[in-house]
Amino acid sequence: MWEMPQPGDPRQPSSTWREFWTGLTRPSWSALGLTLAVAVLLFLLAARLVTPGLVSEAGRYLAEDGADDYAFATAHAIDLAEASPQRPTIVVVGASCTRDGLLREGEFADLVGGYAGTPVKVVNLTTGGQTLWESAALLDQLAPDFQGVVVVGVSPVLMRRSPAVLAQIVAQPRLGIVSDVLDAEAERLGIPVPPRIGVYLWDQRPFLLGRVRALARNLMNGPVRPQRHQALGRRPLDPRALRERVTELWANLDVTGANFERHLATLGRVLDSLQVHPGVRVVIAEAPASRSFRAVLARGYEEHVRQMRAFGRERRVPYWNVTDAVREGDYYDYCHLRTSEGQRRFTDALARRLAPMLRKLGS
Amino acid sequence: VTRGRWARVTGIVLQGVTLGVLLFGALVMLLAVQADARLFRYQVF
């Protein structure tokens, strides 16, 4: 280690250097004050620079990997909040069952655009394990003059999540967006919401800090490419393993109805909040569900569909269940599709129904 | 004397800025590791 030459040393530096060295190495109140001031200043600078706009631009650098839907959905949702798309847009929210049923955004847009005879844009905000509360938070970002169709993807699983999941989401948000709708849902269920101060960096610190390491890695390796369809190309799950998985999944859900009723009420409030956008039409779309899944749920599935259909009628919102468009061999497990042909069948069935709505919006 | 004083002030400023940047970096990394451990992981399925 380098040492300061001592007095008498032939290499003795000038008094100017000695003074500089003393200032540099000796602890002092001035240096301590400056240290703290610089650290605080850097935090303030970061709070000013880290904005939703920056996160929207850097979404692909914040993703942990290609399957990190939540980073991509955050960036897309901020885009929707900041500027309305120029053409009629289809926004899809929902969980992985819906995500894996749909073709890529461009292909989906081409299909609908072809049937509607007008160019459309598709923004897919579906994420693995997305809850209806997170769907509500994403839709809360739509700009007031947004024009298009919102497709709310639902499933028997999504509509029966426990409020404990919401408590976890409020404590450790997976999406980097603040939503009054989400906060209100939490408060309604008695879940304490952390105080919001209106500074993005502070309000979203769990989301942002949890991705610092991914950011550092991606800045060196380049942005992450989304790889949304994780089940594509896989071999179907062994029927026995599938049956066990579905039975376990269903056993962990509240099928008696309390959670379902709560979700219907939330969905109703989502529909109410979307009414402020005059150019928005809403559709509730059932996610694909394999025959084996429906067989295990038996009356549970039929009851779910019946109740969803009744809800749609009551709220005058279309409820579509096009799961029959998908063949059994297209499924990897109970709802995730493993073939692009299956995705095309499911997307096409939705596209045909969406086209007239978009035609009306475009005229 | 003036040159010596300026040299000492420069040294103090350099010390303060360096330690300030290091303190900021260390705090961010500490919070990042904590947040990463608590992160509610996304689900692939």
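What is the mean pLDDT of chain A, and what percentage of its residues reach 70 or more? In this predicted model, the mean for chain A is 91, and 95% of the residues of the chain reach 70 or more. Among the elements of chain A, the lowest mean pLDDT, 82, belongs to helix H14 (residues 239-251), and the highest, 98, to strand E5 (residues 319-320). Chain B averages a pLDDT of 86, with 80% of its residues scoring at least 70. For the complex, the predictor gives an ipTM of 0.89 and a pTM of 0.89. Where pLDDT is low, the predicted coordinates should not be read in detail.

Chain A contains an open sheet of 5 strands, paired in parallel and arranged in the order E2-E1-E3-E4-E5. Gly153(A) stands opposite Ala285(A) of E4(A). Helix H15(A) lies across E3 and E4 of chain A, and runs at about 155° to E4(A).

Helix H15 (residues 258-274) of chain A also packs against helix H8 (residues 132-139) of chain A, at an angle of about 5° and with the two axes 10 Å apart. Because angles under 35 degrees count as roughly parallel, H8(A) is described as roughly parallel to H15(A). On the side of H8(A), the contact is made by Leu132(A), Trp133(A), Ala136(A) and Leu139(A), while H15(A) contributes His263(A), Thr266(A), Leu267(A), Val270(A) and Leu274(A). By class, the residues of this contact between H8(A) and H15(A) comprise 7 nonpolar and 2 polar, with no charged residue.

Helix H8(A) has a further contact, with helix H10 (residues 180-188) of chain A, where the axes come within 7 Å and cross at roughly 145°. Here Trp133(A), Glu134(A), Ala136(A) and Ala137(A) of H8(A) meet Val181(A), Leu182(A) and Glu185(A) of H10(A). The contact of H8(A) with H10(A) divides into 5 nonpolar and 2 charged residues, with no polar residue.

A search of the whole structure finds 1 disulfide over all chains. The bond joins Cys97(A) to Cys335(A), with an S to S distance of 2.0 Å, and the link between these two cysteines is left-handed, with -65° about the S-S bond. Distant parts of the chain are linked in this way, since Cys97(A) lies in helix H6 (residues 96-99) of chain A and Cys335(A) in the loop between E5 and helix H18 (340-362) of chain A, the pair being 238 residues apart.

Conventions
Residues numbered from 1 in each chain as written. Chains lettered and ligands numbered in written order. Predicted model: local features only at pLDDT ≥ 70, side-chain atom pairs only at ≥ 80, totals over all residues. Heavy atoms only, no water. Axes fitted to C-alpha atoms, helices over the stretch in contact; angles between N-to-C directions. Helix = DSSP H or I, 4+ residues; strand = E, 2+ residues; numbered from the N terminus. Parallel < 35°, antiparallel > 145°, perpendicular 65-115°, else oblique. Contact = heavy atoms within 4.5 Å. Nonpolar A, V, L, I, M, F, W, Y, C, P; charged D, E, K, R; others polar. pLDDT = per-residue confidence, 0-100. Pairing = 2+ DSSP bridges. Disulfide = S-S within 2.5 Å.
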